[in-house]
Amino acid sequence: MGEVRPNQRWQDEAGVKPLQRVIMRPYPKIVFLYPTFICSLLCGALSRSSVAPQTLGLVFVTVLGLNMVILAMEFSRIKTLAVVLFIVAMVFLGLYLNTKYAVLATLQSMIARVSIVANSQFYLAISLIFAALYLIVYINTRFDYWELTPNELLHHHGFLGDLERFPAPNLRVTKEIGDVLEFLLLASGRLVLYPASTDRAIVLNNILGVNRVESKLKALLGVISVRMG
């Protein structure tokens, strides 16, 4: 005999078609380098215009540096707040020191002496490398992903279609947003799945649109029928 959960009753009454499956695709951290990819495309296009090559080089290196910091460190909520407060404090300190020692003029002079120059072929090469890597990532995530159905949690992996199965009933799911900046870039986060049949937790990192995926998981888990003896 089957027991229908409240979410299923609500969907039946509202005429909403229940979800049949939810796909979860963990991505590698390289996806968070897309600002550098976009910047390389823009710099490559602008390098043929009247924009100074030194300006484009400085912008590209700055975006690349900031992007690498995001990959190198995990910015929790507390750490992000501390960094923001530190930057604000440094800005006010610099403005205060500028009233006595002309700090801004010295800083501008230092930046003006920096000459980072690259031609359009350099930016094109960087763009092509990123495009190739993102294509590989896209193909790989088509063959290595997790799928939740009303009955099973399935792990698809391998080009030959290898499959690992776990029972879906009584599956517990938790969401973690450990890096604020990565969440801002791609709304990504971590999902931790706890199948009832095993003590091993399944950790899925870098799930894009993690809030949307979590909502779908909750909706699907809410309509699973529980078999009664």
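User: What does A187 count as at 30% relative accessibility?

Analyst: Buried means under 20% relative accessible area, exposed means over 50%, and partly exposed lies in between, for a 1.4 Å probe and protein chains only. A187, at 30%, therefore counts as partly exposed. This is a predicted model, in which local features need pLDDT of at least 70, side-chain atom pairs count only at pLDDT 80 or more, and totals for chains, interfaces and linings use all residues. Residues are numbered from 1 along each chain as its sequence is written, and side-chain values use heavy atoms, with hydrogens and water left out.

User: Where does A187 lie, and what is its phi?

Analyst: Helices (H or I, at least four residues) and strands (E, at least two) are DSSP runs, numbered from the N terminus. A187 belongs to the loop between α7 (180-186) and β7 (189-194). Its phi is positive, about 50°, although A187 is not a glycine. N170, also not a glycine, has a positive phi of about 65°.

User: Which way do the residues of strand β3 point?

Analyst: In a regular strand the side chains alternate between the two faces of the sheet. In β3 (residues 145-148), Y145 and E147 point one way, W146 and L148 point the other way, and all are buried.

User: Which residues are the bridge partners of M24 and E147?

Analyst: Two strands pair if DSSP finds at least two bridges between them. Strand β2 (residues 22-24) pairs with β3 in the antiparallel sense over 3 bridges, and M24 has W146 as its bridge partner. Strand β4 (residues 152-157) also pairs with β3 in the antiparallel sense, over 4 bridges; here the bridge partner of E147 is L154. β3 and β4 form a hairpin with 3 residues between them.

User: At what angle do helices α2 and α3 pack?

Analyst: Axes are lines fitted to C-alpha atoms, for helices over the stretch in contact (heavy atoms within 4.5 Å), and angles run from 0 to 180 degrees between N-to-C directions. Helix α2 (residues 34-46) and helix α3 (residues 53-72) pack at about 175°, with axes 9 Å apart. Angles under 35 degrees count as roughly parallel, over 145 as roughly antiparallel, 65 to 115 as roughly perpendicular and the rest as oblique, so α2 is roughly antiparallel to α3. In this contact, residues of α2 including Y34, C39 and L46 meet residues of α3, among them L56, F60 and N67.
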